[in-house]
Amino acid sequence: MADRLDRYREKRDPGRTPEPFGGAHVRPDDPLAPRLFVVQKHAARRLHWDFRLELDGTLRSWAVPKGPSYDPADKRMAVEVEDHPIEYADFEGLIPAGNYGAGAVIVWDRGAWTPRSDPREGLARGKLVFELAGQKLRGEWTLVRTRRDQGGKQGWLLIKHRDAYAGPGREVPEESVLSGLLLEQLAAGEDRAARAAGEARRLGARARHVGWGRPMAATDAAGPPAGAGWLFEPRYDGYRVLARQGGGRAELRYAGGGDATPIFPEVARALEKLDDGALVDGELVVLDPDGRPSAAALRDRAALARRADVERASFERPATLFAFDLLALGGLDLRPLPLRDRKRLLAMVVPRLGALRYADHVEGRGEELLREVEARGLPGVVVKRADSPYAAGRSPDWRTIRAAGARRSEGSAPPPRVPSRAAEPPRVEVTNAEKVFFPGDGITKGDVVVYYREIAPFMLPWLKDRPIVLTRFPDGIEGKSFYQKDAPDWRPAWLRTVKLRNEDGRDLDHFLVDDEDGLAWIANLGVIPIHVHASRAGALDRPDWCVVDLDPKEAPFRDVVRLARALHELCEEVGLPSYPKTTGQQGLHVLVPLGGQLTNAQARTLGELLARAVEREHPQLATTTRAIGARGGRVYLDFMQNGAGKTIAAPYAVRPRPGAPVSTPLRWSEVDGRLDPARFTIRTVPARARRLRVDPLLPVLSLAPDLLAAVARLRGLLRTGAAPAAPRGR
Ligand code: MN
């Protein structure tokens, strides 16, 4: 039987689009059970809304040019399109130019759909009646097949039933329920974090890392305080949670320190979209259909442990994290700022709807809010001094006032059960942590493992899906070492591997590192450097970058800097983005993003053209000759690290040299006469990465430059010594 996802896969190239490529999932199959639905707003050639219903392991999909309407009189055309994988429900981003459906996509709505009768029969008959429980779309709807054929595609109509939710002129917010961004903002690359961080700096916030700490807590009060200068927020009586985004990864922690991330994936996904280095304080609740927090539903959610149960609950009974404070952003410590300013910054970065939501306040009208809160059956209000800083522990600056009739027993209790993962033994036990690995520096094996854990949020994007090659130093840098490509049989089951054929035709299991524990497990093997392939499993002949390695051997480092800058200028001239990093040895790597547009062989050709052009321009400083004797004190421009099976030292990899230097991503502004690669070590790089907050090398993984034009201009330049002018428009 043909796979229902075949058509989806035929239209897309995994090397060129960030869209997910999951297989079909099997889910429990009571025909009337609630299932996942998602609506994505998509600025493809024509703007449309993609309406997707989970059924039998895929997302059945319709393109709705005008979008769903709450007016039962609007019969909205819906064109049946190919099934999408379930993972697509979380996809929000830019599909690069040249790909199928190129353009911006936001998650416009998400929730549960419940068929009123057997959905397979309904689809076969051409009429499907169902209920939606999303953030925006609710109540009963029908999809009905039309006779008209939409250019070879089946047409349907999406119609709202007359019910309590229906009504002409009902306004629906347009922003994403995941990130809070409008489609236009996402398409324009809106950087909320940079704006908010700039504002925080203007307000006097200083750069400092803010760790997990004890949250600020309120004291009890009888009634609203007199006088001005107080902010009133509703109380939620859920679980107090601190939430951090770092390197694109989200982490949720209960006030007691337990890890809540795996229990509330819908909140974690929204948090991932938040801006780098954000640390948010808030209250986690599960709302009932009337929008009131339900203590029982929250307890039930927190008790779930099986992944399938958690995923199902994440759309059937989604949790909401009401964010009421912002402690850090972009490497800045916001805690000393007045609460009023912190909340203004919070409102700049946190969405107003969805699983992670800005908790609004009123100023000075506490009696009114308290009455409103009582009328809505909420537990009470929290009153906060508007000019107070954030301080750990109980403080008279925060006071809690209970609503009349609110039950005390439903207070903000700690979660009933520490979530399953925290109770399990750690997945990685470090052995021989005290063994000295860098004798001149007193750096131990344990220090190396700690470094890799610390740098994981920044390093993991470079490891994801990339086969790696390890170099093990069981006795430190002065002992014996050996390469290891093949993952040993005794590896833990949770570490992924991929088979790769090596030069002598043997299939070897290469490790794939997905998470911090994986990185720590590898480091515990006594691994110092980690080398990565330029391509990813599933698209091994589609490298993501082309690299030129500037290797000085006897040449002075200032020549490396001059040549790196020359290479940068050359790339600019021919229209190629380029990004530098230290190798962690004596040289520099310059990476050019390829966006999966070239084969390994073509990437090597590009590297060779770049290296030869620089060599030709600087024959006294540069050579492309490999033999050390023939280099004559010149810097070797090595393009041979491109090609099938070739690897480079991963960004953030430690090198086995005195001082424990690290291969470190740089900004071009740092590549000048003052650059000293020896400054970047396992002792300095984690703080630097947090301070920069965005990895300067990261665009390498997302850009897809016009390579045909660049190569043509490079060839022209090598023929004539001058780059031909860019072609003029017709
Ligand atoms: Mn679409």
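**Grounds for the descriptions**

In this predicted model, the donor residues of the manganese ion follow the sequence spacing H-x5-H-x1-D.

Q: What makes H42, H48 and D50 the protein donors of the manganese ion?
A: A donor is an N, O or S atom within 2.8 Å of the metal. The atoms concerned are ND1 of H42, NE2 of H48 and OD of D50, which lie 2.2 to 2.3 Å from the manganese ion. They therefore meet the cut-off of 2.8 Å. Water is not among the atoms, so the site may look incomplete. Both histidines, H42 and H48, are also buried.

Q: Why does R342 count as buried?
A: The term requires a relative accessible area under 20%. R342 has a relative accessibility of 0%, and therefore counts as buried. This arginine is placed in helix 8, residues 339-349.

Q: Which residues is R342 in contact with, leaving aside its neighbours within four places in sequence?
A: Contact requires heavy atoms within 4.5 Å. With those neighbours left aside, R342 is in contact with D325, L326, L334, R335, L337, S388, P389 and Y390.

Q: Why is helix 12 described as mostly covered?
A: Of the 8 residues of helix 12 (residues 516-523), 7 are buried; that is, 7 have under 20% relative accessible area, so the description applies. The buried residues are D517, G518, L519, A520, W521, I522 and A523. Their cover includes helix 11 (445-463), strand 24 (468-472), strand 27 (507-512) and strand 28 (527-533).

Q: How many residues of the protein chain count as buried, as a percentage of the 730?
A: By the criterion of under 20% relative accessible area, 54% of the 730 residues are buried. The chain exposes about 32,100 Å², of which carbon and sulfur atoms supply 50%.

Q: What share of the contacts between residues at least 6 apart in sequence joins residues at least 24 apart?
A: In the protein chain, that share is 69%.

How values were computed:
Residues are numbered from 1 along each chain as its sequence is written. This is a predicted model: local features need pLDDT of at least 70, side-chain atom pairs count only at pLDDT 80 or more; totals for chains, interfaces and linings use all residues. Side-chain values use heavy atoms; hydrogens and water are left out. Buried means under 20% relative accessible area, exposed over 50%, partly exposed in between (1.4 Å probe, protein chains only). Accessible areas come from the Shrake-Rupley method with a 1.4 Å probe; for residues, only the protein chains shown count as cover. Donors are N, O and S atoms within 2.8 Å of the metal (3.2 Å for Na, K and Ca); water is not among the atoms, so sites may look incomplete. Helices (H or I, at least four residues) and strands (E, at least two) are DSSP runs, numbered from the N terminus.
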